[in-house]
Amino acid sequence: MVGCQERGHHRRGCNNQPEIICLSGWKRNYRSPLAFARRRTPSKGRIVTSSKDSRKKHISTMHDKINNKRVTSPVDMEIQARLGGKLRISYQGFVNEPIPDRFIKLLNELEKWER
Amino acid sequence: MGAIVASRTNRGTTRGRLVSMIPSLRAFAISLCGDPCRADDLVQETLVKAWDHLDSFEEGTNLKSWLITILRNTFLSECRKRRREVEGRNGEYDLAAPPEQFGKMDLNDLLVALAKLPPEQRVAIILVAAERFSYEEVAKICGCSIGTIKSRVNRGRRKLADLLDIGSAEEFGPDTTCAAIISHPAGTRRRD
């Protein structure tokens, strides 16, 4: 736009056939801000509102999901904790069992056989 | 020659490490199949396979995970074999009627319930909940995604809770180890 003003297009008006480069430059620089502004405001607004709406919807569904989970989660957590505790206690009981001789014998045999 | 000597000494040290892993392997096997005799056979098969393939074990990696992977694979292939044999007679998985008691070990209701889960869910839930492996480690052991393990654990938990009839906390009776966790779950501590 600045370039075009310097070249005198602004004073000469748009009736004159401007140079191709200037015309494109002028048109682009002159129209685009307005065009963008016109296009941007509604479209931006629309997009923003729609995205907000969709976000709201998304967030609300997420909240619903979370809320639904949270509604049941204390019970779930309790069950999980107790289940986990029970599993671990039973598991630890087996871990604490003495190692049967058969495994020591087996490893000895394997070692002997290797030699 | 040097390589052979080295591998022998390695095997010597690995033998000790294998012995130290036996209790965990047995616990995993018993929880998996609910039958200590069958579990011991599984552990034995795992140890023999591990010994035969010690060369494929990468030093520095987790020996327990490696052994558990072998045990898991052995167990699943055995399950498949059994299922093929049992198929037609009934749709149940193996261990339809586990013995009620074995020697010193009492077969608790938990093991009976565990045996009713599909084998893959059993593996996932035991490794995550009892063995306290991370989801990532279990995914590696089972050769699947973390998401799959999570869903197996969730489904397994739900089913176990149903089977054990855990509708409310009271039904489980007092449990001091969990009581502390339950009374103050993360982020919900009371401000005094």
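## Helix packing and confidence

In this predicted model, H3(B) and H5(B) run roughly antiparallel to each other, because their crossing angle of roughly 155 degrees lies over 145. The axes of H3(B) and H5(B), the latter spanning residues 119-130 of chain B, come within 10 Å, and the crossing is right-handed. On the H3(B) side the contact involves B:Ile68, B:Arg72, B:Phe75, B:Leu76 and B:Cys79, which meet B:Pro119, B:Glu120, B:Arg122, B:Val123 and B:Leu127 of H5(B); by class, these residues divide into seven nonpolar, no polar and three charged.

Helix H2 (residues 36-52) of chain B also packs on H3(B), which covers residues 63-86, at an angle of about 125 degrees and with the axes 9 Å apart, so that H2(B) is oblique to H3(B). This crossing of H2(B) and H3(B) is right-handed. Among the residues making the contact are B:Leu42, B:Val43 and B:Lys49 of H2(B), together with B:Trp66, B:Ile70 and B:Arg82 of H3(B), and the contact comprises nine nonpolar, two polar and five charged residues.

Confidence in chain A is summarised next: the chain averages a pLDDT of 61, and 35% of the residues score at least 70. Within chain A, the lowest and highest values fall in the two helices tabulated here.

| Helix of chain A | Residues | Mean pLDDT |
|---|---|---|
| H1, lowest | 2-6 | 44 |
| H4, highest | 101-114 | 89 |

Over residues 40-52 of chain A the pLDDT is below 50, and this stretch has ten contacts beyond near neighbours in sequence. For residues 68-72 of chain A, where pLDDT stays under 50, the model has one contact beyond four places in sequence.

Technical notes. Residues are numbered from 1 along each chain as its sequence is written. Chains are lettered from A and ligands numbered from 1 in the order in which they are written. This is a predicted model: local features need pLDDT of at least 70, side-chain atom pairs count only at pLDDT 80 or more; totals for chains, interfaces and linings use all residues. Side-chain values use heavy atoms; hydrogens and water are left out. pLDDT is the predictor's confidence in each residue, from 0 to 100. Helices (H or I, at least four residues) and strands (E, at least two) are DSSP runs, numbered from the N terminus. Contact means heavy atoms within 4.5 Å. Axes are lines fitted to C-alpha atoms, for helices over the stretch in contact, and angles run from 0 to 180 degrees between N-to-C directions. Angles under 35 degrees count as roughly parallel, over 145 as roughly antiparallel, 65 to 115 as roughly perpendicular and the rest as oblique. A crossing is left-handed if the near helix is turned anticlockwise from the far one by less than a right angle, and right-handed if clockwise. Ala, Val, Leu, Ile, Met, Phe, Trp, Tyr, Cys and Pro count as nonpolar, Asp, Glu, Lys and Arg as charged, and the others, Gly among them, as polar.
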